[in-house]
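The sequence and the model follow.

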Amino acid sequence: MNNKELAEVITLIGDLLQIKGEVVYKYAAYRKAAESLIDQARNASAIYEEGGVPALKEIPGVGQAIADKIEELLTTGELEFLNKLTAEVPAGLATLLEVPDLGPKKVKLFYDELGIDTLDKLKAAAEAGELAGLAGMGKKSEEKILAGIESLSRRSGRSNLERAWPLAQEQLDMLRAVPGVKQAEVAGS
């Protein structure tokens, strides 16, 4: 794993801890460690190979507990702590964090107050005006959330069929014109 991948896992842990309601210093420590990993000039895996856990602890913000987790990620590709944490916090809540400008506090608020644990439920609640009545929320906040969900769907890399089909046909025609091509068809999603 490279530093960016490690930082993403460590950040996710911090976010899930905040959603879970842990004390601020716990999730803040994970975020600080993730930032330090991103800022590192050297890859954490090289640092680990040279000096093990003690060398990882020299990265600013990385203490024993986080160094142990990085070691587990680097050596096994898995993290038992994260598996336990995702079992305690509904999996869909982490997906909600992908919505731009939506952080762990709001995700926790939506889950606690309205039981929202999926993007579909969040979108439906925002469209129905249910979020505006929550603390710190208003009509503009709902609009931003809907815009964020829309931007996520655009980032998915998928296009609707009526836009994709003509492009696929053009590429298919070009491919069929290549010498040696005997058969070509459009397939897949």
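Tyr25 lies in helix α2 (residues 24–39), where helices are DSSP runs of H or I with at least four residues, numbered from the N terminus. The model is a predicted one, in which local features need pLDDT of at least 70 and side-chain atom pairs count only at pLDDT 80 or more, while totals for chains, interfaces and linings use all residues. Residues are numbered from 1 along each chain as its sequence is written, and side-chain values use heavy atoms, with hydrogens and water left out.

With a relative accessible area of 59%, Tyr25 is exposed, given that exposed means over 50%, buried under 20% and partly exposed in between, for a 1.4 Å probe and protein chains only.

Asp15, which sits in helix α1, counts as buried at 13% relative accessibility. Its side chain makes a polar contact with the side chain of Arg31 at 2.8 Å, a polar contact being a pair of N or O atoms within 3.5 Å of which, within protein, one must be able to donate a hydrogen and the other to accept it, and residues adjacent in sequence count only if both atoms are side-chain atoms. Residues up to four places away in sequence aside, Asp15 touches Arg31, Leu97 and Pro104, contact meaning heavy atoms within 4.5 Å.

In soluble globular proteins, nonpolar side chains tend to be buried together.

Key
Helix = DSSP H or I, 4+ residues; strand = E, 2+ residues; numbered from the N terminus.
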